[in-house]
Amino acid sequence: MIYNFDELIDRKNTSCVKYDALKKYFGYEDLQPLWVADMDFKTPDVIINAMKEKAEAGLFGYPIATEKTYNLVKSWMKKRHNWDIDTSWINFVNGVVPAYSATVEAFSEEGDEIIVQTPVYFPLFKHIKSNNRKLVKNPLIEENGYYRMDLEDLKSKISSKTKIFVLCSPHNPVGRVWDKEELEELAKICIENNILMISDEIHADIVFKKFIPLASISEEIANNTLTLNSPGKTFNTAGLNCAYAICKNENLMNRFKNVVEKRGISSVNVFGFVALEAAYEYSEDWLEELLVYLKNNILFTKNYLEKNNSKIDLIEPESTYLLWLSFKNTISDYNKVKQKLLEESKVALNEGSSFGLEGKGYFRLNCALPKESLEKALCKIVTKF
């Protein structure tokens, strides 16, 4: 491998949430952090150098997405996901979460219902409630360590007030990459019931099987879908606040843009555009090596748990670097599991219950770190469980 993902980098006192907010969120400072979804790997040098060049120019005025920026997003989607998109379908924003909140306002009214598939990325709950919409849960079904959609339950939850269905694709935290047939069945239900689909595809590049963008399946689906994406997870640039929405339907895009402008979230960080261009033009080889390293970390975790006869079960992911661990066969009291992880194992994991009640008994572990550090964390966990 050309790139060194084994490099140990001290991130303490660098003003990063993952390390420097442990006391705030967990009550302890002496924890090994395996929670927030960013990586402990350096961003590719080509991106760093592009940002250095921009910094050395010494001018940081308001940036604009150029023709090159749009073309690189289009070529990336074509190369990685075989999806042909047009410049007019793209609108840049300063983050996927702010953009998602904007879609809630743009395509529903107060009191309307929005459906999510739990357990799921918890900010989806927050922005439904903060916009005074009603959260409706369509829980995923877990069978023998594999999750699937419950479309019969979905049909039963739809009412005249249902306006939006939120798809997490690939799914965070369970790691599913949805098959074409699943997506088609889902889309059919939504289209028949005049429900707009918002597809959060921020993890689309961190996949270990073929990923299909929802809106790429057919023109009919494309006209009923607004996709949210960013290079942030892929290249570890989340702090640069650069994301984009993709939508073929001009009317839907205009409604979205109106709320984006109203909320003032269309201004992207100047370094965000620089990083996006360097990432999508020159960093694909880095991504390919990253995927190999992450897959090895996942397999290492699985083998480590099995080798040590651990009662912790790993839901092996098809995507992301986020591992969904079941502690259901360890200690029956969920609060005691949490306490033991913090006070004895000294690790910080995301509580499964924060992703919805369906996540109770699970914890999410971020394995995007050097193997040496991962092994250290697993040892601390397994010896106490």
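This is a predicted model: local features need pLDDT of at least 70, side-chain atom pairs count only at pLDDT 80 or more; totals for chains, interfaces and linings use all residues.
User: Which residues line the largest cavity, and which elements give two or more of them?

Analyst: The lining consists of Phe 26, Lys 338, Leu 341, Leu 342, Val 347, Ala 348, Leu 349, Glu 351 and Phe 363. Two or more residues come from each of α14 (334-345) and β13 (347-348). With three residues, α14 gives the most to this lining.

User: How does the lining of the largest cavity divide by class?

Analyst: Seven of its residues are nonpolar, none is polar and two are charged.

User: Turning to pockets, how much space lies in the largest one, and which residues are closest to its centre?

Analyst: The largest pocket holds about 1,300 Å³ of space. It is lined by 46 residues, of which Val 36, Ala 37, Tyr 121, Lys 233 and Ala 238 are the closest to the centre.

User: Which elements each supply at least two residues of that lining?

Analyst: The elements are α2 (22-26), α3 (45-57), α5, α6, α10 (232-235), α12 (270-282) and β14 (350-351). By class, the lining of the largest pocket has 24 nonpolar, 15 polar and seven charged residues.

User: What is the volume of the second largest pocket, and what lies closest to its centre?

Analyst: About 380 Å³ of space is found in the second largest pocket. Its lining has 18 residues, and those closest to the centre are Tyr 19, Gln 32, Pro 33, Ser 373 and Lys 376. β1 (32-33) and α15 (371-382) each contribute at least two lining residues. The largest share, four residues, is from α15. The lining of the second largest pocket contains seven nonpolar, two polar and nine charged residues.

User: How should I read a helix pair, and what are the values for α5 and α6?

Analyst: A pair of packed helices is described by two quantities, the angle between the axes and the distance between them. For helix α5 (residues 96-107) and helix α6 (residues 123-130), the axes come within 9 Å and cross at roughly 40 degrees. The two helices are therefore oblique to each other. The crossing of α5 past α6 is right-handed.

User: Which residues make the contact between α5 and α6?

Analyst: On α5 they are Val 97, Tyr 100, Ser 101 and Val 104, and on α6 they are Pro 123, Leu 124, His 127 and Ile 128. Six of the residues in this contact are nonpolar, two are polar and none is charged.

User: At what angle do α4 and α12 pack, and is the crossing left-handed or right-handed?

Analyst: Their axes are 9 Å apart, and the angle is about 40 degrees. That angle makes α4 oblique to α12. α4 passes α12 in a left-handed crossing. Lys 68, Thr 69, Leu 72, Val 73, Trp 76 and Lys 79 of α4 meet Phe 273, Leu 276, Glu 277, Ala 279, Tyr 280 and Glu 281 of α12. The classes in this contact are seven nonpolar, one polar and four charged.

User: How far apart are the axes of α4 and α13?

Analyst: The axes of helix α4 (residues 67-81) and helix α13 (residues 284-307) are 13 Å apart, with a packing angle of about 40 degrees. α4 and α13 are therefore oblique to each other, and α4 passes α13 in a right-handed crossing. The contact joins Trp 76, Lys 79 and Arg 80 in α4 to Glu 284, Leu 287, Glu 288 and Leu 291 in α13. Three of these residues are nonpolar, none is polar and four are charged. Trp 76 and Lys 79 of α4 also take part in the contact with α12.

User: Which peptide bonds are cis, and what is the phi of Ser 15?

Analyst: As a rule, most peptide bonds are trans, and most residues other than glycine have a negative phi. Here a cis bond joins Ser 169 and Pro 170, with omega about -5 degrees. The bond from Asn 172 to Pro 173 is also cis, with omega near 25 degrees. Pro 170 is in the loop between β7 (162-168) and α8 (180-192), and Pro 173 is likewise in the loop between β7 and α8. Ser 15, not a glycine, has a positive phi of about 60 degrees. Ser 15 lies in the segment before α1 (17-20).

Definitions and conventions. Residues are numbered from 1 along each chain as its sequence is written. Side-chain values use heavy atoms; hydrogens and water are left out. Axes are lines fitted to C-alpha atoms, for helices over the stretch in contact, and angles run from 0 to 180 degrees between N-to-C directions. Angles under 35 degrees count as roughly parallel, over 145 as roughly antiparallel, 65 to 115 as roughly perpendicular and the rest as oblique. A crossing is left-handed if the near helix is turned anticlockwise from the far one by less than a right angle, and right-handed if clockwise. Contact means heavy atoms within 4.5 Å. Ala, Val, Leu, Ile, Met, Phe, Trp, Tyr, Cys and Pro count as nonpolar, Asp, Glu, Lys and Arg as charged, and the others, Gly among them, as polar. On a 1 Å grid over the protein atoms alone, a cavity is a set of points where a 1.4 Å probe fits but cannot get out, and a pocket is an open set with protein on both sides within 12 Å along at least five of seven lines; lining residues have an atom within 4 Å of a point. Grid points are joined across faces, edges and corners, and a volume is the space filled by probe spheres set on the points.
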